[in-house]
Every structure is written in C-alpha cells, then in structure tokens.
Amino acid sequence: MSLFHRLVAGVAGLLLIFSIGIFAINVQHARQSLLDSQRMETANMTQGLSLALVQFIEEGDWTSVRTLLQATSDGSFVSALRLEAVGLDEPIVVQNPGTTKAPGWFQSLIALPQLSNRREISGGWSPLGTIMLEADNTLPYNQLWNLGLHLLLWLAVGMALTLALCALGFRRLLTPLHRLSRYIETLQIEGYAGPIESTRIRELKGITLAVNQLSARLNDQFVAQTAQVIRLQRMAEQDAVSQLGNRAYLTRILDEWLSAPESGALVILRIDHLSEIYRRDGFEERDNAIRAIGHYLLGISVQGNPIQAARLSAEEFALIVPDDSYDHREELLLTLLDRIDDIVDINPLDEARVHHACAGVVLREPGLQRVAMLSKADSALRQAIETDQRWYIAPREARHSERSRGEWRMVIDRALSSDSASFVAQPVLLNDGQELHRELFMRLREGDEVHLASAFLPIARHFGIGAQMDRYVLDWLSRHGHGTSCRLAVNLTQDLIGSDAEVDGLIEWLKTYPTLAGRLDLEVTEESVLRHTDNVQRLFRVAWNLEGRGGIDRFARNLNSLPILSRLRPDYVKIDQTFFVRDDVDNEFLHSLCMAAHQIEALVIVTRVESEAQRQRVSDIGADGYQGYLAPAVPLNPVVN
C-alpha cells in the first residue's frame with residue numbers, strides 16, 4: 001500500500017472512530033432525554049387516571065371506566081392499562097401496542113427499558129382499587145431511529161468531504177515525494193536525465209539534494225568508466241595514425257563476423273603510392289594521407305550498415321563489407337578505389353587518372369575460417385597486382401551441393417508455409433550454476449535434412465524476410481510456449497526492429513500473452529541498437545512492464561554503443577568470447593568493459609565458450625555467465641516439440 005493510501009486510510013479510520021463516538025454520545029443523550037420525559041408522563045398519566053376513576057368505581061359504572069381507559073390508551077403513549085377494583089370479578093385490561101419503523105437490530109443495539117407505573121385509587125378510609133400503566137416505546141424508538149438516520153447521513157457526508165479535502169491536501173503535499181520517486185525510477189530505468197528541481201518542504205530538501213548528488217555521481221562514474229573502456233580499446237585495437245582498427249581489431253571482428261549468421265566480403269586494399277609520398281615528402285605528408293583515407297573509410301556504409309576497416313601495414317588496409325548484390329559491390333569498389341586515388345595523388349591539372357590502389361576480394365563462404373579467408377584475400381590482392389587489375393574477386397570453391405540464394409529462399413518459404421521448422425534451446429548459465437534463460441534457435445527441416453540457423457539467416461537478411469521469420473517464431477510460441485517451464489530468449493532480427501509497424505505488432509502480441517511475455521527475454525543485436533535505438537527502447541519498456549527482460553546480443557563490436565547503455569538499461573549483454581581469449585588484449589580493458597555494463601546493473605554473458613579454461617578466464621575477468629559448447633543446445637520438451 002502506498003504512503004498516500006496509508007494516510008487516507010489512517011484519516012478515514014480516525015474519522016470513523018470520531019463519528020462512532022459522536023453517534024454514540026448523541027444517541028445516548030437523546031435516549032436519556034426520552035426516558036426522562038417518558039417516566040414523567042407515565043407518572044402524571046397514572047396520577048390523573050387514579051383521580052378520574054374514583055367517581056365511576058364508586059357508582060359501579062364499569063362501562064364508563066372501560067371507555068375512559070380505552071380513550072386514554074388510544075390518544076397517548078400507553079401500551080397497556082390494568083385496573084383492579086372492588087366489585088370487579090376480573091381486572092379490566094386495555095392493550096394498544098404500537099408499531100415502530102426502527103429495525104430489530106437497532107432496537108437491540110439501543111434498548112429502552114419497559115417503563116410502568118402503579119398507583120392505588122383512593123376511596124376514603126380504604127382504597128377502591130389499583131391502576132397500572134405500561135408505557136409504549138414505539139414513539140421513542142421512532143424518534144431515535146430518525147435521529148440516527150439524520151446523524152448517520154450528516155456524518156457520512158462530513159466524512160466524505162473531509163476525506164476528499166484530506167486526499168487533495170495529501171496529494172499536494174506528497175507531490176514532491178512522488179516527483180522524487182518517479183525521478184529515481186527513471187534514473188534506474190533510463191539513466192541520468194538532469195537534476196530534479198528542489199522543493200519547499202524542509203524534510204525533503206536534504207533527500208532531493210542527496211538524490212541529485214548521487215545520480216550525478218553515478219552518471220559521472222558511468223561516463224568515466226565508458227571513457228576508460230574506449231581509451232583502453234583504442235590503445236589495444238586502434239591504429240594511432242589512421243584512427244582505424246589494427247591487426248588485433250581485425251582478428252577479433254573477423255572471428256565475430258564469421259561466427260555470426262551474416263554474409264558479405266573481405267577486402268584487402270594496397271596503396272603503393274604511400275611509399276612514394278614518404279620518399280618524396282616525408283612521413284608527415286604520408287601520415288596526413290593515411291588519416292584522410294581512414295576518415296573516408298570510417299564514413300562508408302552499405303545500405304545503412306557501416307563497413308568495418310583496419311590498417312594492416314604501412315600500405316595495406318582491410319575492410320569487411322556487408323552483404324550486397326554483385327552490381328552494387330562492383331560500384332562500391334570502383335567508387336572506393338577512385339576516391340583513394342584522389343586522396344593520395346590529387347592533381348586537378350592531370351587529365352588522365354592514375355590508379356594507385358588495388359584490392360583483393362574474397363566472398364564469405366560457409367565453413368571458411370579466419371586464416372583461410374585472409375590467405376585467399378591476400379592471394380586475390382597479389383593476383384590483382386600481377387594482372388594489373390584494379391580489383392580481383394577470388395573464385396568461390398566449387399561445391400556441387402551448394403545452393404543459390406534463390407534456392408535457399410524457396411527452402412525457407414516451403415519450411416515456413418508447411419510448418420516444418422523445429423526449435424532447440426541452449427542454456428545460458430551464470431557463474432554460480434543458475435540458469436539465466438534458454439536461447440531459442442530455429443531449425444528448418446527439408447526431408448531428412450535439418451538446416452541450422454547459420455545457413456539460412458544470412459539469406460533471410462539478404463531478402464529482408466527476417467520479420468516474417470520472427471512472426472513465425474512468435475506464432476509458434478503462442479501455440480506451444482505455454483507448455484514450457486523454463487525462461488526463453490528470442491533473438492529478434494533487424495528487419496523487425498527497423499519497422500515501426502512490426503514493433504507495434506510485437507508489442508500487441510506481448511500484451512495479448514502477458515504470462516508468456518513475463519517468461520520471455522527479448523534480444524536485439526548491437527547493430528539494431530545503434531540504428532533503431534528508439535524502437536528498441538520502447539520495446540524494452542513494454543517487456544519490463546510485463547516482467548520480461550531485454551538484452552543486447554553481439555555487444556561491444558562497436559564501442560560507440562557503450563554510451564547508449566545508460567539510455568536502454570538492458571538486463572544483460574552478450575559478448576563474443578573472442579574479446580576474452582586473446583593474449584594481446586590487456587585484462588584491464590576486459591575488466592573495465594564488464595564494469596561499464598555493471599554500472600547500469602546489466603549482466604555480462606560471454607558466448608561461444610568452448611572450454612573450461614575459457615570459462616574460468618571470463619569468470620576471472622568479471623563476466624557473470626557464459627553460453628557455448630560447455631552447455632550445448634537441447635531439444636525442448638517433447639510435448640512442446
């Protein structure tokens with residue numbers, strides 16, 4: 001119960017006790033007044049009757065006696081009259097009970113005694129008889145009941161008005177506290193958003209000041225931690241001249257790229273004219289040209305996806321180009337090499353273009369590893385130099401069973417339309433052995449053959465049908481996810497995150513199945529976070545409101561995403577193990593990366609952990625859990641599958 005409700009309930013309780021006291025005092029006072037009045041009237045009535053009956057009793061006129069008694073009973077508060085007189089064989093009894101509007105519970109709650117009065121009828125030397133009168137409580141009960149109703153009505157109205165005024169007053173008084181509470185909640189979810197305005201309430205001024213100082217200190221600490229991570233990353237993986245990555249950076253991003261379900265090409269550029277600039281103009285002019293090349297390469301993107309570039313040696317650069325069509329790739333290479341030629345040897349008076357840059361290109365193929373890919377790219381570069389070509393694309397290895405993209409598209413469409421996809425779940429374990437969740441992976445069945453996600457997801461991304469596959473997963477979860485007892489994680493594609501309509505549909509799906517959403521972790525890639533931050537943020541907010549969680553997969557490939565952490569506040573981030581197992585990376589950098597995530601209370605999960613030694617190292621660095629071959633994927637519950 002909130003403080004506001006507690007205060008209103010306390011005031012309501014006090015008002016109720018106060019009202020009960022007022023009601024009891026007023027009713028008791030009215031009851032006593034009615035009893036005193038009834039007692040006096042009973043005595044007077046008995047006295048009057050005893051005098052009026054003397055003459056009739058002496059004459060023996062019993063008819064007049066009965067008439068007088070009945071008249072008295074009918075016109076007054078008398079319930080019963082009893083006359084015992086000399087000469088009467090039986091007493092004369094006249095009864096006239098009344099009816100009351102007061103309910104029985106009210107009469108039992110406020111009981112009135114039955115008043116009666118007895119008086120002898122004087123007749124000289126000896127009494128003529130005895131008259132006894134019993135008072136009727138009908139009229140007192142009616143008066144008390146009417147008094148109680150009016151009193152209860154006014155007390156209820158007074159309580160309602162008092163409570164309304166108190167509620168308005170409490171709400172106004174608690175506004176600074178509510179604002180402070182919302183600010184702290186926002187600080188926890190969305191990060192530092194500036195100091196909260198001060199209040200005139202003396203008791204809250206110190207708290208407001210302390211919260212502002214604490215939030216500013218936490219924000220400064222996170223900014224400093226992020227800056228340290230970026231600084232250490234630049235020391236370990238950045239070339240000082242070109243501001244591009246170095247060989248260590250290329251090694252890491254190549255491993256991550258080859259482990260992810262992506263396509264594209266590796267390009268190695270060679271610019272021999274840089275040596276000529278060094279011999280002719282010195283190292284300063286050469287470094288200026290290298291800086292210009294690096295600045296240009298950092299600004300290149302393919303369909304909105306930035307390329308990743310590294311400097312390998314004095315004259316060589318490496319690029320990882322995202323997936324694209326053949327014609328667009330040729331156009332990109334032509335534009336790229338022409339621009340580099342202009343940078344290293346711009347001469348507006350020379351009509352003939354002199355080519356100084358050449359490139360070796362190797363397309364990504366299934367099963368191709370880093371060393372083999374670098375070797376093929378280097379061979380393609382030598383082939384381009386020897387044959388005097390601007391670029392040379394290494395031929396793909398002949399595979400009789402290899403399918404074209406169009407054939408893969410047909411396989412995906414048939415599997416989704418025939419509902420022939422199956423699912424496995426890979427546990428994500430924390431260092432203490434507890435399970436964070438199980439990540440859901442799709443398998444496509446084609447007869448007796450089962451295709452892994454790494455085979456068809458690049459095709460889905462190329463054709464832009466990732467959102468369609470995500471909808472299939474959600475539909476499968478709505479039919480079978482209720483039968484699972486474990487927490488599941490779903491990795492959403494960039495096609496869905498990049499569409500406002502698809503995100504709106506996913507939000508409606510989560511609200512339709514709140515119980516299932518409470519056991520669901522939504523994962524998005526770092527690339528999706530950088531390109532569609534707003535959609536990711538509102539999706540995470542809805543998931544948190546339904547007790548779900550949000551996470552970032554393939555994190556730290558681009559450290560520009562670190563400042564966004566304070567805005568998104570994910571529950572966990574997943575980092576590839578290539579970050580942690582290389583000997584050329586300082587442990588301080590890895591530890592700082594984990595600390596930056598822990599600053600916003602996010603868990604750090606290391607993926608593709610293949611050995612116990614790797615698991616031990618990532619634990620020593622400060623990561624919170626792992627995912628990989630040590631905890632392989634398992635089929636879901638047979639009832640579900």
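Is Asn 212 buried or exposed? I looked this up at the outset and found Asn 212 buried, with a relative accessible area of 14%; buried means under 20%, exposed over 50% and partly exposed in between, with a 1.4 Å probe and protein chains only. Asn 212 is found in helix α6 (residues 202-237), helices being DSSP runs of H or I with at least four residues and strands runs of E with at least two, numbered from the N terminus.

I note that this is a predicted model, in which local features need pLDDT of at least 70, side-chain atom pairs count only at pLDDT 80 or more, and totals for chains, interfaces and linings use all residues. Residues are numbered from 1 along each chain as its sequence is written, and side-chain values use heavy atoms, without hydrogens and water.

Next I turned to salt bridges, each a side-chain nitrogen of Lys or Arg within 4 Å of a carboxyl oxygen of Asp or Glu. The structure holds 27 of these salt bridges.

I looked up Asp 341 and Arg 390, whose side chains meet in a salt bridge (2.8 Å, N to O). Asp 341 lies in helix α10 (residues 326-344) and Arg 390 in the loop between α11 (370-386) and β11 (391-393), so the pair ties together parts 49 residues apart in sequence. Both Asp 341 and Arg 390 are buried.

I then examined Lys 574 and Glu 523, which form a salt bridge at 2.6 Å, N to O. Lys 574 belongs to strand β18 (residues 572-576) and Glu 523 to strand β16 (residues 520-525), 51 residues apart. Lys 574 is buried at 1% relative accessible area, and Glu 523 is buried at 0%.
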